[in-house]
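Visitor: I have a structure open and would like to learn how to read it. Please take me through it one feature at a time.

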Amino acid sequence: MRLLKNHYRVILAILWTLVILSFSAQTGEDSLSLSLTFFNAIATIFPQLADPSVQLLAVTVLRKVAHFTEYFILGALYAKADPDMPLDLLEIGLLVPFLDEGLQAFIDGRGSSIFDVMIDLAGYCFGLWLFGGFKQRRLQRYFRKNKTAE
């Protein structure tokens with residue numbers, strides 16, 4: 001049963017990788033349109049963002065937060081998919097942002113950015129650490145508790 005559970009988690013992580021790459025395959029116009037849709041929804045909650053003097057900065061920050069978040073989710077999914085192989089997971093995490101940004105270099109209206117790669121890697125590593133690290137700490141606590149009980 002555990003093996004089957006891990007297969008579902010690996011498939012989910014791979015599907016999320018494909019979602020990330022599908023965002024990269026959008027044209028610059030489509031990508032901006034999606035960002036503006038989210039921005040307008042946020043601006044209804046925070047009307048001060050509708051001020052034209054902060055709008056460009058706010059959309060840029062939103063796009064960078066989206067980069068971090070999508071890779072945070074990816075890191076969390078890979079941490080849960082196979083927690084026993086952190087080196088392989090780290091290699092996947094290092095590969096996907098470069099593939100993601102490299103793909104954008106060939107899409108109309110898009111460009112690749114090493115800064116985005118760094119944001120992606122930070123999100124991925126944080127998700128991997130947060131979801132993989134908690135499991136490791138629980139195991140350490142378990143072994144310490146059982147060791148003192150002996």
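Guide: Keep in mind that this is a predicted model. We can begin with salt bridges, and by the rule used here the count comes to 1 salt bridge.

Visitor: Which side chains meet in the salt bridge?

Guide: They are the side chains of K64 and D116, with 2.6 Å from N to O. This pair links distant parts of the chain, since K64 is in helix α3 and D116 is in helix α5, 52 residues apart.

Visitor: Is D116 buried or exposed?

Guide: The cut-off for buried is under 20% relative accessible area. D116 has 6%, so D116 is buried. K64 has 25% relative accessibility and therefore counts as partly exposed.

Visitor: How do I read a pair of aromatic rings?

Guide: A pair of aromatic rings is described by two things, the distance of the centres and the angle of the planes. In this model the count comes to 5 aromatic pairs. Take Y78 and Y124: their ring centres are 6.4 Å apart and their planes are at 55°, so the pair is tilted.

Visitor: Where in the chain are Y78 and Y124?

Guide: Y78 is in helix α3 (residues 52-81) and Y124 is in helix α5 (residues 114-149). The two are 46 residues apart, and the pair links distant parts of the chain. Both Y78 and Y124 are buried.

Visitor: What about F126 and W129?

Guide: F126 and W129 form a stacked pair, with 5.9 Å from centre to centre and 25° between the planes. Both residues lie in helix α5, 3 residues apart, which is about one turn of the helix. F126 has a relative accessible area of 36%, so F126 is partly exposed. W129 is partly exposed too, with a relative accessible area of 47%.

Visitor: Which residues do ring pairs link into a cluster?

Guide: The cluster consists of F68, F72, F126, W129 and F131.

Visitor: Next, the nonpolar core. Which residues make up the largest one?

Guide: The largest nonpolar core has 10 residues in all: A13, I20, Y71, L74, L77, Y78, A79, V96, Y124 and L128. To read a core, ask which elements supply its residues. Here α1, α3 and α5 each supply at least two residues. Helix α3 gives the most to this core, with 5 residues.

Visitor: How much space lies in the largest pocket?

Guide: The largest pocket holds about 630 Å³ of space. It is lined by 25 residues, and the closest to its centre are S35, R63, A66, H67 and E70.

Visitor: Which elements give two or more residues to the lining of the largest pocket?

Guide: They are α1 (2-24), α2 (28-45), α3 and α4 (86-104). Among the elements, α3 gives the most to this lining, with 9 residues. As for residue type, the lining of the largest pocket divides into 9 nonpolar, 10 polar and 6 charged residues.

Visitor: Last, a loop residue. Where is A50 found?

Guide: A50 is in the loop between α2 and α3. At 43% relative accessibility, A50 counts as partly exposed. A50 and N40 are 10 residues apart along the chain, and their C-alpha atoms are separated by 8.1 Å.

How values were computed:
Residues numbered from 1 in each chain as written. Predicted model: local features only at pLDDT ≥ 70, side-chain atom pairs only at ≥ 80, totals over all residues. Heavy atoms only, no water. Phe/Tyr/Trp six-rings, centres within 6.5 Å; stacked < 30°, edge-to-face > 60°. Helix = DSSP H or I, 4+ residues; strand = E, 2+ residues; numbered from the N terminus. Buried < 20%, exposed > 50% of the residue type's maximum accessible area, 1.4 Å probe, protein only. 1 Å grid on protein atoms, 1.4 Å probe; cavity = no way out; pocket = protein on both sides within 12 Å on 5 of 7 lines; lining within 4 Å. Points joined across faces, edges and corners; volume = space filled by probe spheres on them. Nonpolar A, V, L, I, M, F, W, Y, C, P; charged D, E, K, R; others polar. Salt bridge = Lys/Arg side-chain N within 4 Å of Asp/Glu carboxyl O. Core = buried A, V, L, I, M, F, W, Y, C linked by side-chain atoms within 4.5 Å.
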